[in-house]
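Q: Can you walk me through this one? I'd like to start with the fold and then move on to a helix and the interface.

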2 protein chains.
Amino acid sequence: MNGRFPIALHIMTLLCSAERMLSSEYMAGSINVNSVLVRKELSNLIKNKLVSSQEGKNGGYTLARPAAQITLAEIYETVKPEAVLGQAKNQPNPACPIGKQINQHITDLYVDVDKALMQRLGNTTLLAFVAKFN
Amino acid sequence: MNGRFPIALHIMTLLCSAERMLSSEYMAGSINVNSVLVRKELSNLIKNKLVSSQEGKNGGYTLARPAAQITLAEIYETVKPEAVLGQAKNQPNPACPIGKQINQHITDLYVDVDKALMQRLGNTTLLAFVAKFN
DNA sequence: TTGTACTGTAATAAAAATTATTACATATAA
DNA sequence: TTATATGTAATAATTTTTATTACAGTACAA
């Protein structure tokens, strides 16, 4: 598992608590990762309509919608991996009665697990998450 | 995220549906990964008391307990990463009011998410999972 | 109309994590 | 006492993640 969700959530938290537009450089300084990586994640958040950007001088990024209307589920959705609990990169042996079926059953399980996960994350708005900060 | 959970679940499924002991070589053939990796995962499952092994000729592995008494939560527990939804490897800027607090809030969130996850996985026994196979 | 400060993105390099391989010690059944 | 297992360490290969460099495009403002 990689660091995309924490970074996306950090970005959204910064934007939520800021009064004005923020630059990717500033956010990279808070998160402490490379600014190109931040812009890549921002580009993804923009595609998913959670963030707006303004190019040019004095440009930057803001939330596209009120934080009370954005849930953590939506943020997770933008970085969600194909397989919640991990994906092996092998192809199980099709000659084995278990091997040939297991991927389908794991996929089915993951659908359920994802549902439970999204339900929990859907319970918390970005506003509520940020309200916990001092 | 890595492939440890699918591999552990594949191992447990094979052991559950087998009538006799299975060798790590055989399981590696079904999963289609290196047998040393399988033995490493088995070693971990043994530590967690889900699997028993017998060394020497005609040795191999079996479930340590009836499959009706093992839940998918217990299997996941053996491979669980520190951070369910991913861990960034940076140290957020302690001079930033958001940066200095975010890790604690992410940790708190992960505790809750993990609870939801374990609840869902605790609902399914290994026996029930394997019963879905033809 | 030109310099400055941004976003957007591609290409590449560096670093880290995962998986495979090799090697061998140890156990046990036949 | 030989064959076939487990157990585990060390190392190599591969893949993934993150950082860096470079530069095109946009918009403000002097």
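A: Helices (H or I, at least four residues) and strands (E, at least two) are DSSP runs, numbered from the N terminus. The model is predicted: local features need pLDDT of at least 70, side-chain atom pairs count only at pLDDT 80 or more, and totals for chains, interfaces and linings use all residues. Residues are numbered from 1 along each chain as its sequence is written, and chains are lettered from A and ligands numbered from 1 in the order in which they are written.

Q: What pattern does chain A follow along the sequence?

A: The order is α-α-α-β-β-α-α-α, with six helices and two strands in chain A.

Q: What radius of gyration does chain A have?

A: Chain A has 18 Å, whereas a compact globule of 134 residues would be near 14 Å. The radius is taken over C-alpha atoms, and the globule rule is 2.2 Å times the number of residues to the power 0.38. Along the principal axes, the C-alpha atoms of chain A fill a box of roughly 60 × 30 × 25 Å.

Q: And how much of chain A is buried?

A: Buried residues are 38% of the 134. Buried means that 20 or more other C-beta atoms lie within 10 Å of the residue's own, exposed means 12 or fewer, and partly exposed is in between, with C-beta atoms placed from the backbone.

Q: Switching to chain B: which residues of α3(B) are buried?

A: They are B:Val38, B:Glu41, B:Leu42 and B:Leu45. Seen down the axis of α3(B), these buried residues fall within an arc of 105 degrees, so they line one face of the helix. The arc is that of the directions from the helix axis to the C-beta atoms.

Q: What covers them?

A: The cover includes α1, α2, β1 (51–54), β2 (60–63) and α4 (72–79) of chain B. The face of α3(B) turned away from the buried side carries the exposed residues B:Val36 and B:Lys47.

Q: What comes after α3(B)?

A: B:Lys49 follows α3(B), and its phi is positive, near 65 degrees.

Q: Now the interface. How many residues does each chain give?

A: The contact takes 44 residues from chain B and 44 residues from chain A. Two residues are in contact if their C-beta atoms, placed from the backbone, lie within 7 Å.

Q: Which element gives the largest share on the chain B side?

A: That is α5(B), with 10 residues. The elements of chain B giving two or more residues to that side are α1 (4–17), α2 (24–31) and α5 (99–122).
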